[in-house]
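Let us walk through this structure step by step. Keep the 3D view open and find each part as it comes up.

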Amino acid sequence: MTPPQVATVVMYHLVQPPDAGPVAGLKSVDVAAFRGQVAYIRRHYTPVSSIDLVAAIDAGSPLPPRPIVLTFDDGYRCHRDHVFPLLQAERVPATFFPVASALIERRLLDVNKIQCVLASVDDLDRLVREIDAEVEAASRNGDCLPPSTYRATWWRASRWDPPAVVYVKRLLQHALPDAVRVPLVDDLFRTIVSIDERRLADDLYMDVDDLHAMKAAGMTIGAHGDRHVRLPTLPEDGQAREIDGALRVLDAVGASREAFVYCYANGEHDETSVDLLRARGCRAAFTTRPDLARLAAGEMLTLPRLDANDFPSDANAPPSEWTRRAF
Ligand SMILES: [Zn+2]
């Protein structure tokens, strides 16, 4: 028996110049670094589309040497402005994963709301006290743990942020249960950020016309959640609603619901998520687990991806560890 083929999948979020406005502080890849990465990738790999991976499994279609799939999450407008033109010029196919509520209803993703709250707040200590008060109240109802427990885990400096910022980000991004976290994020955004959500969403995310143009140019459009909720936090019917809501993206851009590709919000999934996607005809689904992707029938709905930061941004850099492993 021949061993399964291996592909490299890379995930990108924001790709933007340093002076990127309201979301300049979000983790992103600089446009110049991205250009270098594409050149590096073209030297060492053969870019293919995510549908090529599916065809390799379904039809036994051979893949070129060292296949690589570039994926772009969340449907940011910088993908249209800075990524798409370069990919087109270099004839590199890619897969884009917009979030349905951001694309269609122009809702802001929580991760972007939190960034705006931090960028707009003038008294960080007061923000921390407000969050702690909410957490304290919710913990008395048994909805989450007391603030001291979260402090013990998350009050610490990171490479970029002081402890208070790390604490706010982690609690609001994922540490609190969604039942406490989501209303708290909405409330903070409403009271602290003066920019209208709709206007900010229009600045941040691509629209349906942008994605139509990308699809017409040969790019693949996949689904990436309705509200970008981590699937394992939901019961089965909630997961089904989140996935079915996500698939509205395919309809909006005229992509087929047959043989579609999916990207789990925050990479998170469980057996229920995989079963629901399989039942709907999903042929490949991507996580954020960092590894090379083994293309085997039983593994297509839990494919790992490398982070963009795992790749050199200098076209002439020697092959990195992940590149050597793909040889
Ligand atoms: Zn995402």
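**A walk from loop to core**

Start with Ala 259, which sits in the loop between α13 (248-252) and β8 (261-263). Keep in mind that this is a predicted model. Ala 259 has a phi near 55°. That is a positive value in a residue other than glycine. Is Ala 259 buried or partly exposed? Its relative accessibility is 35%, so Ala 259 counts as partly exposed, since that class lies between under 20% for buried and over 50% for exposed.

Now look at another loop. Arg 66 lies between α2 (50-58) and β5 (67-73). Arg 66 is not a glycine, yet it has a positive phi of about 45°. With 29% relative accessibility, Arg 66 counts as partly exposed.

Next, turn to the inside. In soluble globular proteins, nonpolar side chains tend to be buried together. Here the largest nonpolar core has 56 residues. Which of its members touch the most others? They are Tyr 12, Phe 34, Leu 70, Phe 72, Leu 87, Phe 96 and Tyr 262. Helix α1, residues 31-44, gives the most to this core, with six residues.

Zoom in on Leu 87. Set aside residues up to four places away in sequence. Leu 87 then touches Phe 34, Val 38, Leu 70, Phe 72, Val 92, Ala 94, Phe 96 and Met 219. There is also a second, separate core of 36 residues. Its members include Val 99, Leu 171, Val 193 and Tyr 205.

Now compare some helix pairs. Begin with α1 and helix α3, which covers residues 77-90. Their axes come within 11 Å and cross at roughly 25°. That makes α1 roughly parallel to α3, because angles under 35 degrees count as roughly parallel. The crossing of these two helices is right-handed. On the α1 side, the contact uses Val 31, Phe 34, Arg 35, Val 38 and Arg 42. On the α3 side, they meet His 82, Val 83, Leu 86, Leu 87 and Glu 90. By class, this contact divides into six nonpolar, one polar and three charged residues.

Move on to helix α5 (residues 110-120) and helix α9 (residues 178-192). How do they pack? Their axes are 9 Å apart, at an angle of about 40°. That makes α5 oblique to α9. The crossing of α5 and α9 is left-handed. From α5, the contact takes in Asp 110, Lys 113, Ile 114, Cys 116, Val 117 and Ser 120. From α9 come Arg 181, Val 182, Val 185, Asp 186, Leu 188, Phe 189 and Ile 192. The class count for α5 with α9 is eight nonpolar, one polar and four charged residues.

Lys 113 belongs to helix α5. It is a charged residue. Is Lys 113 buried or exposed? At 1% relative accessibility, Lys 113 counts as buried. Leaving aside neighbours within four places in sequence, Lys 113 is in contact with Arg 107, Leu 108, Val 185, Asp 186, Phe 189 and Glu 197.

Helix α9 has another partner. Helix α8 (residues 163-175) packs with α9 at about 130°, with the axes 9 Å apart. The two are therefore oblique to each other. Leu 171, Leu 172, Gln 173 and His 174 in α8 meet Arg 181, Leu 184, Val 185 and Leu 188 in α9. This contact of α8 with α9 has five nonpolar, two polar and one charged residues. Leu 171 is also one of the residues in the second core.

Finish with two glycines. Gly 218 is in the loop between α11 (208-216) and β7 (220-221). With a relative accessible area of 48%, Gly 218 is partly exposed. Gly 218 and Pro 183 are 35 residues apart in sequence, and their C-alpha atoms are 39 Å apart in space. Gly 245 lies in helix α12, residues 236-246. Its relative accessible area is 8%, so Gly 245 is buried. Gly 245 and Ala 223 are 22 residues apart along the chain, with C-alpha atoms separated by 9.2 Å. Beyond neighbours within four places in sequence, Gly 245 is in contact with Ala 100 and Asp 226.

Methods: Residues numbered from 1 in each chain as written. Predicted model: local features only at pLDDT ≥ 70, side-chain atom pairs only at ≥ 80, totals over all residues. Heavy atoms only, no water. Core = buried A, V, L, I, M, F, W, Y, C linked by side-chain atoms within 4.5 Å. Buried < 20%, exposed > 50% of the residue type's maximum accessible area, 1.4 Å probe, protein only. Helix = DSSP H or I, 4+ residues; strand = E, 2+ residues; numbered from the N terminus. Contact = heavy atoms within 4.5 Å. Axes fitted to C-alpha atoms, helices over the stretch in contact; angles between N-to-C directions. Parallel < 35°, antiparallel > 145°, perpendicular 65-115°, else oblique. Left-handed = near helix turned anticlockwise from the far one by under 90°.
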